[in-house]
Amino acid sequence: MAEIKIDQLKERQKRIRNFSIVAHIDHGKSTIADRILEQTHTVAERDMQQQLLDTMDLERERGITIKLNAVEVHYDANDGQTYIFHLIDTPGHVDFSYEVSRSLAAAEGAILVVDASQGVEAQTLANVYLALDNELEILPVINKIDLPAADPQKVQKEIEDVIGIDASEAVMVSAKQGIGIPELLERIVSDFPAPEGDLEAPLRALIFDSQYDSYRGVVVNIRVREGVVKPGDRIKMMNTGAEYEVTEVGVMSPNAQKRDYLMAGDVGYLTASIKDIHTTHSGDTITSVQNPAQEALPGYQPMTPMVYSGLYPSDNARYGDLREALEKLQLNDAALTFEPETSQALGFGYRVGFLGLLHMDVIQERLEREFDLDLVTTAPSVTYRVKTVDGEVLLIENPSELPESQQIKEIEEPYIHAQIMVPNEYVGSVMELAQRKRGEFDTLEYLDENRVNVKYYMPLSEIIFNFFDKLKSNTRGYASLDYDLAGYRASDLVKIDILLNGSKVDALSFIVHRDFAVERGRIITAKLKEIIPRQNFEIPVQAAIGNKILARTNIKAYRKDVTAKIHTGDPDRRAKLLDKQKRGKARMKDVGTVSVPQEAFMAVLKTDDDEKFARGN
Ligand SMILES: Nc1nc2c(ncn2[C@@H]2O[C@H](COP(=O)(O)OP(=O)(O)OP(=O)(O)O)[C@@H](O)[C@H]2O)c(=O)[nH]1
């Protein structure tokens, strides 16, 4: 490679713009990113597809962004220069806000997208505050101005009143129709600063993400803060101390493109035949072995999981594969935590920490798809803090580990501070719902004459289950929600055990407020009766607190074989049915004498959907 000339690099650095796009979910970040790729000819027209940066199948199927994504784009500006944009698309959902904060640490600017018909929503605020915390320059963009319900002037005022930033120069965009994109590209050049960072200083590059590739080893995504890195350099991870030789550097555009070097200001990837996945962590700093930096860059705050769930391979022999899969996935998801656990009912598995139910769902699905595992998962639980009569404090992430009631002095549960933004007419129903979920009213603020921000303190356990869905359905989709942890509070909580055929099934235990115990006990026994298939003997299903039975029902013995009926029928259908049964079987766990399907372990999540059901209506 030709010698790198510092003056040229300095010139190049002035033409770099690193920015992220932040917004509330569905306000149009990914569509704006698509338009930028299109208008800068980063992607040939024939290869253009919607939500190009949502590269995972899962993202496309669900229409949401889960992972951050960084791409390099070249833009020929009106001043005749070609600028290098590093665009970092981020997810909008609250469960993935850690992805947002990591991407913001790699950028100098943030495009704040607000939907012209919806205005400022809960995650608009949460994400813009993250950007302000990272001292980013904010460029407000009002999107979807083509919608009949768009009111850009009102939204402009709302941005100023609610967020407190100047929106008089906000770019008016319709990402769908391509309106305003040329202006946006110019404003990226003029409004965002070029990165600073000494090109001649020792290398310091922040790892903000990574993935495992079975051929190349770990592929690390980095933001170079100082110095230059190129193939052949010996590098060192400052926290883990591991050393490697760089084999390749490059950028995503949107596919991987090799480069001769990455320099201060660049956002790209690096490979170094890293096979040991334990040596690479998001938030670590890469430096040079020959010319090491003195101090690492500030990393990331570790994430505190909000919910825990047990993950077990349905085939016990694949316990080792599950561990390997979790380790590899952790590279790509710094918020994932796990520890081994054993269950009498389910065998060896892991207790895995998640940031919310969507995160949990996504992880389970990625484990199954990307690592070909069949999993049995237990219902999620928050972390309870238990003070025992002996003065000990225990953190309980698995309900079955709750000590006997006579050992317990007090149980505390995590609370959150929720802010719910909603049009006036729905305030009543939001408050009623929050109250029903044991919420304690905090304040109510007017956002403008039609919308309010209602704040509540609520138990996290109530909110993670189906609060959000309920909130959406009670407000015809208009409410938005954001929350922060707000400490622990003592509550009158009890553990409900489930007995199948007289034996307690540890993986089915759950903790609830005493006031809801009898009702939930009844609902869950009824649900289990529906879910667990009949077997050749009668199975009593009971819910109990200690020795006290709260509810009981029976699953009757079965009579006939499912396929018997279709003996003479279509052989195709029969094969399909058998196949379905076979796949279903993989998700069955033999618990003592009873075969329990996966769904049963999640039944507790469904218990307050069906309040009517409990009352026998
Ligand atoms: N009418 C109209 N619809 C738009 C516009 N921009 C985006 N949309 C639509 O709004 C929806 C959400 O757009 P996305 O780009 O996926 O939103 P996002 O903010 O990236 O969503 P997440 O990544 O899930 O947070 C899609 O159905 C888009 O087609 C626009 O300018 N006008």
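A residue is buried here if 20 or more other C-beta atoms lie within 10 Å of its own, exposed if 12 or fewer, and partly exposed in between, with C-beta atoms placed from the backbone. Keep that in mind.

The model is predicted: local features need pLDDT of at least 70, side-chain atom pairs count only at pLDDT 80 or more, and totals for chains, interfaces and linings use all residues. Residues are numbered from 1 along each chain as its sequence is written.

First, histidine 27. It sits in the loop between E1 and H2. Helices (H or I, at least four residues) and strands (E, at least two) are DSSP runs, numbered from the N terminus. Histidine 27 is buried, because it has 29 C-beta neighbours inside 10 Å. Leaving out residues up to four places away in sequence, histidine 27 touches Val113, Val114, Asp115, Gln118 and Asn143. Contact means C-beta atoms, placed from the backbone, within 7 Å.

Aspartate 26 lies in that loop too, between strand E1 (16-23) and helix H2 (29-39). Aspartate 26 has 17 other C-beta atoms within 10 Å, so it is partly exposed.

Now the sheet. Eight strands form an open sheet, in the order E11-E10-E16-E7-E8-E15-E12-E13, with antiparallel pairing. Pairing requires at least two DSSP bridges between two strands. Strand E11 (243-245) and strand E13 (256-259) are at the edges; each has a single partner strand, so one side of each lacks a neighbour in the sheet.

Look inside the sheet. E7 (residues 204-213) and E8 (residues 217-226) pair antiparallel over nine bridges. There, alanine 205 stands opposite valine 224 in E8.

Methods: Two residues are in contact if their C-beta atoms, placed from the backbone, lie within 7 Å.
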